[in-house]
Amino acid sequence: MTAPKKILIVDDDIDLLEQASMLLKSEGYDVVTAGGQEEAEEAILSVIPDLCVVDLMMENMDSGFILCHTVKKLYPETPVILLTAVRSSTGLDFTSRSPEAGSWVEADAFLDKPIRPEQLKAEVKRLLAARGEDH
Amino acid sequence: MEKLKLLIVDDEQPMREGVMRALRKYTVSLPYAEEDYGFDFSEAGTGEEALDVIDRTPPDILLLDYKLPGIKGLDVLDHIIQRQLDILTVMITAYASLETAVSATRYGAYDFLAKPFTPEELRTAVHKAVKHLILTRQARKFTEEKRRVRFQFISVLAHELKSPLSAVEGYLRIMQTRSAGNELGAYDEMVRRSVTRLEGMRKMIMDILDLTRIESGQKTREMAEVDLRDVARVAIETAQPPAQERGISIELDSPESIFMVADRGELEIILNNLASNAVKYNRDHGKVTLALSADDETVTIACTDTGIGMSEEETVQLFKEFGRIKNEKTRHILGSGLGLSTLKKLATEYYGGGVKVESKPGEGTTFTVTLQRRPAGSEAKA
């Protein structure tokens, strides 16, 4: 049996952090949590995540984007899921990957908040499997 | 000195010269503007030339002769109106008839000046025009700024209200899918957290109502003699349950009574905010001291806690709407970020006072609020 996959979850809302963490632990993943961009940046220096789930708006409006960029720079292979509460309120649709957005947003998937348990589990599974195939 | 662009349109060259001479060294100072205003001149001898200058470099003020060869003064005026240009026009007319003046102002001119006029009359008319122009511009800027701030407030508000909803909805979905198993006890903590988040949301809505009532000025203020000590005592009682839960003691240090003219509800907002913050951001088994004092003119409320404190940069954030200090230590503390901005608004705008904050990270914070004992306008409203 292989070691469980390590997932880093980052959210400044402790309840949403707890919920995502609980869901993914119940799926057998090894979960590490961080309460914001800075804390996550520290965490990824000692932990190499197999996948990251990152909230977009934390300390700043774009904390998630910046963190995503940092993760990709350190570990280009690690998929990142960005959680946004933005889409429904602004009408900005990140999933369409418009050319402008696609050029600088490096996330592998976007999920709307609040998280739907089944959707998050499925997305994590899909991205980890896709990554497995590359090797 | 700020320069306003002034365009003189008249077919007589000596007339244009005369106007420029009279205004060259003339400056306008206004009590509500920081800078004095001087003028940069341009001139046109015909209506056609005038339109050309207006389209290339629109002036701030236009001195426009009524009677021009070719295109008439009123046509030039019409051109400005059509394009909604921000130009203030003073009509110059040789026919000092009421009719001409009225028709010009009906077409959108601000004022008129009858030929022949003295340099002094010209300066008076220009002074009036500058005053009007600057006031209108300031008013417009203020309205736009207000609209922008309101919009920002609403979008932040929507975000802040959505966070607790997302949290509660997330827990409900976990329960819905029995993601934590079939044991009911496994869901106790989720229910507890959901209730806490909803309480926080309710508190935020109450804070917003306080703030909008104060801002709209619609709330009728009931000014009366109020004993500040009494209000403080009630605020401490309200803060007592969460304080006791964490072993925090609250002390009141006050003379027998401090009477002032105030709206009791407003004093409650101030003292409740101070007391509840001092408990929320305290350490377990910490201490809160609410010290009241007064001289003939002002009362001083000093609220000291033994809590997490904050850095100087963080204290700047404090009084902004929704301005919350976000760090490791405050993550578990719920707050709307509206309490202190409301408090400051009350203290400064209604009670001619202010708020000061002194803080040391890890040691604690003291908020000092000063209020006028007889705030301006209180007699009239009492």
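Trainee: In this predicted model, what kind of crossing does H8(B) make as it passes H10(B)?

Mentor: H8(B) passes H10(B) in a left-handed crossing. That term applies when the near helix is turned anticlockwise from the far one by less than a right angle.

Trainee: Why are H8(B) and H10(B) called oblique to each other?

Mentor: Helix H8 (residues 264-280) and helix H10 (residues 339-350) of chain B pack at an angle of about 140 degrees, their axes being 10 Å apart. Roughly antiparallel requires an angle over 145, and roughly perpendicular covers 65 to 115. The pair is therefore oblique.

Trainee: Which residues make the contact?

Mentor: From H8(B) come B:Glu266, B:Ile269, B:Ile270, B:Asn273 and B:Asn277. H10(B) contributes B:Gly339, B:Leu340, B:Thr342, B:Leu343, B:Leu346, B:Ala347 and B:Tyr350.

Trainee: How do the residues of this contact divide into nonpolar, polar and charged?

Mentor: There are 7 nonpolar, 4 polar and 1 charged. Gly counts as polar and Tyr as nonpolar in this scheme.

Trainee: Now chain A. What makes S2 and S5 edge strands?

Mentor: The open sheet has 5 strands in the order S2-S1-S3-S4-S5, with parallel pairing. Strand S2 (30-34) and strand S5 (109-112) of chain A each pair on one side only.

Definitions and conventions:
Residues are numbered from 1 along each chain as its sequence is written. Chains are lettered from A and ligands numbered from 1 in the order in which they are written. This is a predicted model: local features need pLDDT of at least 70, side-chain atom pairs count only at pLDDT 80 or more; totals for chains, interfaces and linings use all residues. Two strands pair if DSSP finds at least two bridges between them. Helices (H or I, at least four residues) and strands (E, at least two) are DSSP runs, numbered from the N terminus. Axes are lines fitted to C-alpha atoms, for helices over the stretch in contact, and angles run from 0 to 180 degrees between N-to-C directions. Angles under 35 degrees count as roughly parallel, over 145 as roughly antiparallel, 65 to 115 as roughly perpendicular and the rest as oblique. Two residues are in contact if their C-beta atoms, placed from the backbone, lie within 7 Å.
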